[in-house]
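My notes follow the structure.

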Amino acid sequence: MIGKFAFWPDLASTVAWKVDAIYIFILLVTILVSLGVYAAIVAFVVKYKRRSEDEIPEQIEGNLPLEILWSVIPLGLVLVMFGWGAVLFFELTTPPAEALNFYVVGKQWMWKVQHPSGKREINELHVPLGQPVKLTLTSEDVIHSFFIPAFRTKIDVVPGRYSVKWFEPSKVGEYHIFCTQYCGNQHAQMIGRVVVMELPQYEQWLKNGGASSVNTGETPEVAGARLFQEQRCVTCHQTNGIMAPVLQGVFGKEVKLQGGQTAVADEAYIRESILNPTAKVVAGYQPNMPTFQGQVTEDAILQLIAYIKSLGGAAGEKTAAVKPDGVQPTEQQPAASPATEEAPSATAKPADEEQPNVGTETPTPENSQSAPATEETPSPHEEQTM
Amino acid sequence: MSAVAVPKHEEAPALEIPSQNYLNDGYSIRSWLLTLDHKRIAILYMVAVAIFFLMGAAFALMIRLELLTPAGDFMEAETYNKMFTMHGVVMIFFVLIPSIPAILGNFLIPLMIGARDVAFPRLNLMSWYVFMLGGMLLLTTAIFGGVDTGWTFYVPFSSMFSNSNVILATMAAFTAGFSSILTGLNFIVTVHTMRAPGMTWFRLPLFIWALYATSLIQVLATPVIAITLVLLMLERGLGLGIFNPALGGDPVLFQHLFWFYSHPAVYIMILPGMGVLSEMIACVARRRVFGYSFVAFSSLGIAIIGFFVWGHHLFVSTQSVYAGLAFSLITFLVAIPSAIKTFNWTATLYKGSISYESPLYFVVGFLGLFVIGGVTGLFLSTAGLDVHLHDTYFVVAHFHYIMVGGEIMAFLGGLHFWWPKMTGRLYPEFWGKLSASLVFVGFNLTFFPQFLVGYLGMPRRYHTYPPEFQLFNVMSTAGASILGVGYILPFIYFLWSLKYGKVAGPNPWRAKGLEWENTTSPPPTGNFEHTPIVTEEAYEYSHLPEANVVRASTH
């Protein structure tokens with residue numbers, strides 16, 4: 001807990017004890033080996049103290065079996081550490097499919113967080129107990145690193161890249177968030193707190209907000225859909241694919257590029273295509289998209305990505321297909337608000353729901369107006385919004 | 001013994017400094033600044049490194065004072081950031097890297113292999129001047145207000161965001177790097193071509209093996225950091241987009257390039273210390289180092305494997321998970337040669353004849369700190385655990401145990417061991433033992449709490465910190481003051497001994513080795529009166545040398 005002296009960090013995520021277990025294992029092995037070696041050193045120094053100025057001790061060249069023994073045993077021990085650490089590393093770097101999607105943007109010297117419901121906060125991260133949370137992080141300026149000691153988790157936050165971190169809080173409380181990659185003057189002030197709450201309290205908090213949070217009333221997907229209109233992406237990216245590639249269902253899939261190469265349409269690719277559209281042009285299209293460098297913020301790009309994700313994608317990716325033409329320009333904004341006010345439902349355990357996508361993908365304004373286009377991709381929004 | 005014993009002086013106990021030695025071969029400034037004698041160049045390095053050490057220590061003192069309390073009440077964040085950056089840059093590029101190779105290596109390599117000098121004496125002097133040029137650039141950096149990027153110079157902070165003297169500081173490191181390359185090159189050629197008759201590769205003292213491995217790294221890895229720093233300067237100075245993502249660059253690429261040098265550089269810093277330890281432990285125990293060839297090849301093993309582990313600095317840098325695992329595995333492999341060395345040193349003491357003079361204190365102190373530093377590396381190699389430990393004080397404690405507890409302890413021990421050879425005088429034993437003990441106690445008190453506070457999550461490079469971490473930081477600062485006394489003492493009694501110290505005689509420890517047995521203390525300018533002919537293995541303590549006898553040649 002913040003402000004309480006301790007010799008051991010809080011265990012507040014489902015992986016914390018696993019990290020501690022391997023830590024304690026290595027601690028025991030190394031204490032045993034070090035004490036053994038050091039006891040031998042001290043014993044030899046005491047026992048074989050020089051007795052006379054001219055003493056010549058027995059000369060021993062070496063011993064091959066011993067050399068082999070003290071190479072092979074440490075090798076075995078470190079291989080165990082490696083294997084165990086590798087399995088844990090995989091677990092730490094592989095978010096569960098049903099995790100809630102949070103977006104985090106680091107900048108000198110603050111953390112900006114956006115919840116799946118659209119709620120935003122700065123230097124604070126409220127999360128529900130017992131829900132896997134997946135963070136997608138990027139930086140607006142230098143490299144930062146997002147560290148929650150109580151969760152035993154950390155990831156660098158790199159400008160121009162998306163990093164992913166996940167955790168499942170297992171204990172209610174407030175814990176430190178630290179920036180651990182030196183990022184300039186106020187590096188030590190780039191701190192915050194993560195607040196783990198029981199689900200009902202979290203839902204309450206989502207409604208009533210907190211001092212440092214803003215409820216825009218827009219989920220990232222809704223905001224992305226709005227930006228898609230505002231930035232006039234929709235002019236070319238239509239469902240007919242005449243002017244520009246169709247974005248429906250593209251997320252997470254492999255796309256063919258000019259020159260015969262392929263690329264996976266993941267977050268990084270979409271980001272690159274927005275900022276540097278001529279870098280990887282989809283086969284069959286002209287490189288005539290303008291760059292949006294300097295016109296959209298990192299937050300906005302994340303929202304656009306969230307929107308494109310919501311248009312459907314590769315198998316395994318949960319989809320909530322929405323046709324861009326289903327969204328009317330900004331006057332539809334108000335329609336979004338009532339939808340997101342119900343956002344707490346987004347935090348319900350996905351496993352309990354019939355629809356696999358509930359929990360990660362959040363309601364979009366389209367469903368309330370049920371554009372004809374959405375019919376062909378039966379979407380689960382209704383039960384979320386109503 | 002069939003050696004032709006040539007008493008250099010009268011048999012009488014009253015020893016004298018030899019009338020002709022490298023120290024009294026000219027007293028003018030010019031005779032020092034234009035010297036081609038490897039021993040004098042070593043002294044030039046020693047003076048320079050001592051000054052840089054005091055400078056780096058002053059920065060460390062400032063850091064520890066600020067961290068005494070959780071709030072930033074002693075200095076501004078900006079000042080603090082410059083303090084730890086300057087501390088790192090000075091200590092790494094201007095103290096740790098040159099300490100043992102450029103001082104003890106320069107002094108001892110020709111003496112140990114029976115040569116009159118290094119292969120390229122002029123290049124050797126030039127290395128010192130290049131080093132000093134780097135040092136001047138560093139001082140200029142400090143005078144113009146310092147640099148605040150951390151010694152790692154990570155982009156894009158260093159290239160696009162920092163308002164401090166990044167280009168000057170990188171120029172300083174860049175220049176010092178050339179000195180390091182030239183010294184390494186010189187040593188490699190010296191060891192290959194200048195060995196005395198009979199000095200075969202497997203008769204070489206283990207210090208030579210260690211420095212040979214070190215030199216290989218210096219020559220092969222340093223150019224990479226040079227190129228990387230040039231790229232950084234181009235990006236910062238001319239706005240070329242190499243690392244800056246806003247210009248299409250890749251900031252993680254910088255980290256790969258940086259650590260491709262800087263991880264091997266860790267072995268540039270610790271391998272020579274291991275070499276010093278092998279020499280000292282053989283003499284202290286009067287025993288041939290147990291498993292000589294295993295210790296020799298483990299140096300090469302560390303040097304080679306050390307080139308393939310850099311990615312363990314990038315486990316959480318968005319590097320691919322599979323790359324992370326490969327680097328984790330290879331990193332674990334470095335533990336094996338290090339363990340082999342430690343076990344062999346321990347076995348060397350077994351059934352030895354252990355002298356309780358000052359060098360033993362440094363040997364025991366080194367082993368204690370090095371073992372802790374080594375085993376804590378295992379925690380950081382474990383990929384899944386490093387996710388938590390990365391960039392916390394656990395890492396700070398770990399590398400100080402290796403770099404300062406290991407290398408600086410070995411360097412101090414080496415100075416205490418070879419001081420009589422370098423100056424012809426003995427320092428007071430009591431003070432030597434006291435200094436070693438204070439360093440050992442002070443060091444543990446300073447850095448052990450940092451493991452604990454690191455696991456609790458305290459990040460490094462923090463100017464302020466949450467109050468619950470204060471106890472550990474107070475312990476650290478208290479320990480640092482003891483450590484400081486331990487480091488200052490040798491400055492005093494070494495200087496004192498130059499005038500008042502007891503005359504040492506050629507071989508006060510009755511140690512084996514050409515530098516002890518075949519020449520005076522201090523040695524003459526040409527090192528040996530007669531070129532030594534080597535007929536025995538290293539550390540052949542079954543023929544115990546006399547303290548006050550200089551051999552004409554071996555057997």
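These entries record what I looked up.

Entry one. I noted that the model is predicted. I began with the contact between the chains, to which chain A gives 74 residues and chain B gives 76 residues. I then sorted the side of chain A that touches chain B by class and found 42 nonpolar, 19 polar and 13 charged residues.

Entry two. I turned to helix 8 (residues 251-285) of chain B, which packs with helix 11 (residues 358-381) of chain B at an angle of about 125°, the axes being 10 Å apart. Helix 8 of chain B is therefore oblique to helix 11 of chain B. The crossing of these two helices is left-handed. Helix 8 of chain B brings Leu277(B), Met280(B), Ile281(B), Cys283(B) and Val284(B) to the contact, and helix 11 of chain B brings Pro359(B), Leu360(B), Phe362(B), Val363(B) and Phe366(B). I counted 10 nonpolar residues in this contact, no polar and no charged.

I looked up helix 8 of chain B with helix 9 (residues 292-305) of chain B and found an angle of about 175° and axes 11 Å apart. The two helices are therefore roughly antiparallel. Here Tyr267(B), Leu271(B), Met274(B) and Ser278(B) of helix 8 of chain B meet Val295(B), Ser299(B), Ile302(B) and Ala303(B) of helix 9 of chain B.

Terms used:
Residues are numbered from 1 along each chain as its sequence is written. Chains are lettered from A and ligands numbered from 1 in the order in which they are written. This is a predicted model: local features need pLDDT of at least 70, side-chain atom pairs count only at pLDDT 80 or more; totals for chains, interfaces and linings use all residues. Axes are lines fitted to C-alpha atoms, for helices over the stretch in contact, and angles run from 0 to 180 degrees between N-to-C directions. Helices (H or I, at least four residues) and strands (E, at least two) are DSSP runs, numbered from the N terminus. Angles under 35 degrees count as roughly parallel, over 145 as roughly antiparallel, 65 to 115 as roughly perpendicular and the rest as oblique. A crossing is left-handed if the near helix is turned anticlockwise from the far one by less than a right angle, and right-handed if clockwise. Two residues are in contact if their C-beta atoms, placed from the backbone, lie within 7 Å. Ala, Val, Leu, Ile, Met, Phe, Trp, Tyr, Cys and Pro count as nonpolar, Asp, Glu, Lys and Arg as charged, and the others, Gly among them, as polar.
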